[in-house]
Amino acid sequence: MKNREFHTVRGYQLREQSKRLLTPAMEDYLEMIYRYSLEHEYIRINQLAEKLNVRASSATRMVQKLGELKLLKYEKYGVIILTDEGKKMGKFLLDRHNTIETFLKNIGSKNNLYETEMIEHNIRINTLKNIDLLNEFFNRYPEIIRKFEEYKAKYKASKFKDI
Ligand code: CO
């Protein structure tokens, strides 16, 4: 691997969009493989394809690319196993997803899965950290969320009230 920065998640996140080693689609795959690996020893290509609603041939191609980056091992019978590097990156991707999803829920945006998927691939690390802290803050002081909910019930977003 040419760039040692890739070996830290922070280095990965700080890269410019155009220099990213993982495309958003690759990130989705890795996130899903990691999510699954928390409860199972491994995932097979067919299961992965099913979970992501893609064809097995597409999943195979993507998994091969992740394998070339040494994020996972693709073994016999379609078995996929994450390397330590892959686990580290996968954990980061899942934490990032959950942080954004929680934030959207906190501000009252429900059914936000698609929105989370759009935001997660483009958010910068400092914004993510701020959102994580904000989630913690809301968690510690739930009365703030209640106040915000009361406020929302009373007022409409002034700029968008006709939309
Ligand atoms: Co996601």
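A salt bridge is a side-chain nitrogen of Lys or Arg within 4 Å of a carboxyl oxygen of Asp or Glu. The exercises below apply this criterion and others to a predicted model, in which local features need pLDDT of at least 70, side-chain atom pairs count only at pLDDT 80 or more, and totals for chains, interfaces and linings use all residues. Residues are numbered from 1 along each chain as its sequence is written, and side-chain values use heavy atoms, with hydrogens and water left out.

**Exercise 1. State the confidence and the fold elements of the protein.**

Step 1. The average pLDDT (the predictor's confidence in each residue, from 0 to 100) is 90, and 93% of the residues score at least 70.

Step 2. Helices (H or I, at least four residues) and strands (E, at least two) are DSSP runs, numbered from the N terminus. The protein has eight helices and three strands, in the order α-α-β-α-α-β-β-α-α-α-α.

Step 3. Helix 1 has the lowest mean pLDDT among the elements, 72, whereas helix 7 (residues 125-140) has the highest, 97. Where pLDDT is low, predicted coordinates should not be read in detail.

**Exercise 2. Describe the interface of domain 1 and domain 2.**

Step 1. The assignment, automatic or from a database, gives domain 1 (9-86) and domain 2 (89-160). Their centres, taken over C-alpha atoms, are separated by 26 Å.

Step 2. Counting contacts (heavy atoms within 4.5 Å), 19 residues of domain 1 touch 16 residues of domain 2.

Step 3. The buried area, defined as the accessible area (1.4 Å probe) that two parts lose on being put together, summed over both, is about 1,600 Å². Carbon and sulfur atoms give 59% of this area. Gln-13, Glu-31 and Tyr-34 supply 35% of what domain 1 buries against domain 2, more than any other three residues.

**Exercise 3. Which salt bridge has Arg-96 and Glu-27 as its side chains, and which elements give residues to the side of domain 1 that touches domain 2?**

Step 1. The structure holds three salt bridges. Arg-96 in helix 5 and Glu-27 in helix 2 form a pair that links distant parts of the chain, 69 residues apart. Their side chains meet at 2.7 Å, N to O.

Step 2. Between domain 1 and domain 2 the count is one salt bridge.

Step 3. On the side of domain 1 that touches domain 2, the elements giving two or more residues are helix 1 (9-14), helix 2 (24-37) and helix 5 (84-106). Helix 2 gives the most, with seven residues.
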